[in-house]
Amino acid sequence: MLSEQKNTLPTKSGKFWGILISLFSVVMILTMLKDWWLTTEKPNVLFYIFVPLLSILGGVLSMYVIVKISKQTITFLTMLAISIGMNTLMQIVENVMKITYYRIWEYPGLLYVGIVILLGFLLMIYGLIRWGRVKNWMAVILAVADFIGSMVVGSILTDVIGLTTPGS
């Protein structure tokens, strides 16, 4: 019983969600300040409020559809927690990479894309296997669904609705 609890997330805990949302919020505020610092243009606060959260939700809903169709046992809240955690960590990596690019070394753009997309994808798979307790192949399918769902929502918000900001 104890070992089973170690491999689950406390998704029914208000304290857990408070910490997770607080960390995500702090990282997004730091991202906004970083973009302002690097571009010297005033950021669009609505972008930082809506695009990341709705993109995460789009990815999680995409995974949820596959989970329901394939009758997996992972819950919506577990997928949401994994996604928020992974996106928070990846936003930190992205911030470090952008600061490095603009202030230290203008590395090839493919390096940025490769690291951010590949690492995010692998972290999502790892989280789904470890805390979602899904099989490796299902974790890959869910990670692809998450990626596609979040990209679709992000594209709609930025390209169709026009919710953009300098530096992103």
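Predicted model: local features only at pLDDT ≥ 70, side-chain atom pairs only at ≥ 80, totals over all residues.

Trainee: Which element gives the most to the largest nonpolar core?

Mentor: The core in question has 37 residues. The elements that each give two or more residues to this core are α2, α3, α4, α5 and α6. With eight residues, the element that gives the most is α4.

Trainee: Which residues touch the most other members of that core?

Mentor: One of them, Met63, touches Met79, Met124, Leu142, Ala145 and Asp146, among others, when residues up to four places away in sequence are not counted. Leu128 is also in that list of residues touched by Met63. Within the core, the residues that touch the most other members are Met63 and Leu128.

Trainee: Is Ile82 buried or exposed?

Mentor: Ile82 lies in helix α4. Beyond its neighbours within four places in sequence, Ile82 is in contact with residues including Leu9, Ile74, Met124, Leu128 and Trp131. The cut-off for burial is under 20% relative accessible area. Because its relative accessibility is 6%, Ile82 counts as buried.

Trainee: How many salt bridges does the structure hold?

Mentor: Asp35 pairs with Lys34 in a salt bridge, with the closest N and O atoms 2.5 Å apart. Another salt bridge joins the side chains of Glu94 and Lys98, at 3.6 Å from N to O. The number of salt bridges in the structure is two.

Trainee: Why are Glu94 and Lys98 separated by about one helical turn?

Mentor: Both Glu94 and Lys98 are buried. Glu94 and Lys98 are four residues apart in helix α4, so their separation is about one helical turn.

Note on methods
Residues numbered from 1 in each chain as written. Heavy atoms only, no water. Core = buried A, V, L, I, M, F, W, Y, C linked by side-chain atoms within 4.5 Å. Buried < 20%, exposed > 50% of the residue type's maximum accessible area, 1.4 Å probe, protein only. Contact = heavy atoms within 4.5 Å. Salt bridge = Lys/Arg side-chain N within 4 Å of Asp/Glu carboxyl O.
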